[in-house]
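Q: Could you walk me through this model, starting with whatever terms I will need along the way?

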Amino acid sequence: MMQFMLLFSRQGKLRLQKWYVAHPDKLKKKITRELITTILARKPKMCSFLEWKDLKIVYKRYASLYFCCAIEQDDNELLTLEIIHRYVELLDKYFGSVCELDIIFNFEKAYFILDELLLGGEVQETSKKNVLKAIAAQDLLQEDEAVDEALQDIGFL
């Protein structure tokens, strides 16, 4: 089971975090700081897996963002790399070549996409098409709500 996922920039700025195991905020900050420092200090040619405390850390850099996951000792590192890649593919499809700014300004969409892919630290949906359908349906729902609000504001409803 995945314990958490972090997205951070090459400058060490945390852009997204999803925790599947409860930890106090202070511990989350400490873990995040430690892992970002450790991963950024590694050379590009080094392996994308590392042992950290009682967990395995799997990370991958795409453009200016690092995608980092913590998994249990008996979990498969290659499968975790595939999950990271699937998430990046979904972000790319949705945003059209995703970049750090897409994550910053549309973080709620990035979280929604992640929640459609993973549930409780386990893969929920393997089909990119099904995930993208769910996202499109959510976008339609939000647009309908925005139209209703606008009509209420001007007194049509």
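A: One term comes first: two strands pair if DSSP finds at least two bridges between them. Please keep in mind that this is a predicted model. With that term in hand, β3 and β4 can be described as a hairpin with 2 residues between them, and Lys53 in the turn has a positive phi of about 50°.

Q: How many bridges join β3 to β4?
A: There are 4 bridges between β3 and β4, and the two strands run antiparallel. As an example of residues facing each other, Trp52 stands opposite Leu55 in β4.

Q: And what about β4 and β5, how are they joined?
A: Strand β4, residues 55-62, is joined to strand β5, residues 65-72, by 8 bridges, and these strands run antiparallel. One of the pairings involves Val58, whose bridge partner in β5 is Cys69. β4 and β5 form a hairpin with 2 residues between them, where Ala63 in the turn has a positive phi of about 55°.

Q: Stepping back, in what order do the strands sit in the sheet?
A: The sheet is open and is formed by 5 strands in the order β2-β1-β5-β4-β3, with antiparallel pairing. The edges are taken by β2 (14-19) and β3 (49-52), each of which has a single partner strand, so one side of each is left without a neighbour in the sheet. Neighbouring strands of this sheet are turned by 20° against each other on average, if direction is ignored.

Q: What actually holds strands together in general?
A: Strands of a sheet pair through backbone hydrogen bonds, and the pairing can be either parallel or antiparallel.

Q: Which strands does helix α1 lie across?
A: Helix α1, made of residues 25-41, lies across β1 (2-9), β2, β3, β4 and β5, and runs at about 60° to β1. Helix α4, residues 107-117, lies across β1 and β2, running at about 35° to β2.

Q: Let me pick a residue in β1, then: is Ser9 buried or exposed?
A: Ser9, which is found in strand β1, counts as buried because its relative accessibility is 0%; the cut-off for buried is under 20% relative accessible area. Leaving aside residues up to four places away in sequence, Ser9 touches Arg15, Leu40, Ser64, Leu65, Tyr66 and Glu100.

Q: Switching to α5, why does its end-to-end distance agree with its number of residues?
A: Helix α5 covers residues 128-153, which is 26 residues, and at 1.5 Å a residue these should span 38 Å; the end C-alpha atoms are 37 Å apart, so the two values agree.

Q: What is found at the ends of α5?
A: At the N-terminal end, Ser127 caps α5, with a side-chain oxygen 3.3 Å from the backbone nitrogen of Lys129. Following α5 comes Gly155, whose phi is positive, near 90°.

Q: Which residues in α5 are buried, and what covers them?
A: Val131, Ile135 and Asp139 are buried in α5, and what covers the buried residues of this helix includes α2 (77-95) and α4.

Q: One more residue: where is Asp75, and what does it touch?
A: Asp75 lies in the loop between β5 and α2, and, not counting residues up to four places away in sequence, Asp75 touches Met1, Met2 and Lys56. The C-alpha atoms of Asp75 and Tyr111 are separated by 23 Å, with the two residues 36 residues apart along the chain.

Q: Finally, what does UniProt list for residues 1-140?
A: An unreviewed UniProt entry lists residues 1-140 as "domain: AP complex mu/sigma subunit". In the model, the chain over residues 1-140 is 47% helix and 27% strand, with end C-alpha atoms 32 Å apart.

How values were computed: Residues numbered from 1 in each chain as written. Predicted model: local features only at pLDDT ≥ 70, side-chain atom pairs only at ≥ 80, totals over all residues. Heavy atoms only, no water. Axes fitted to C-alpha atoms, helices over the stretch in contact; angles between N-to-C directions. Contact = heavy atoms within 4.5 Å. Expected span 1.5 Å × (residues − 1). Buried < 20%, exposed > 50% of the residue type's maximum accessible area, 1.4 Å probe, protein only. Polar contact = N/O pair within 3.5 Å; in protein donor to acceptor, adjacent residues only side chain to side chain. UniProt positions renumbered as here; feature names shortened; annotations may be inferred.
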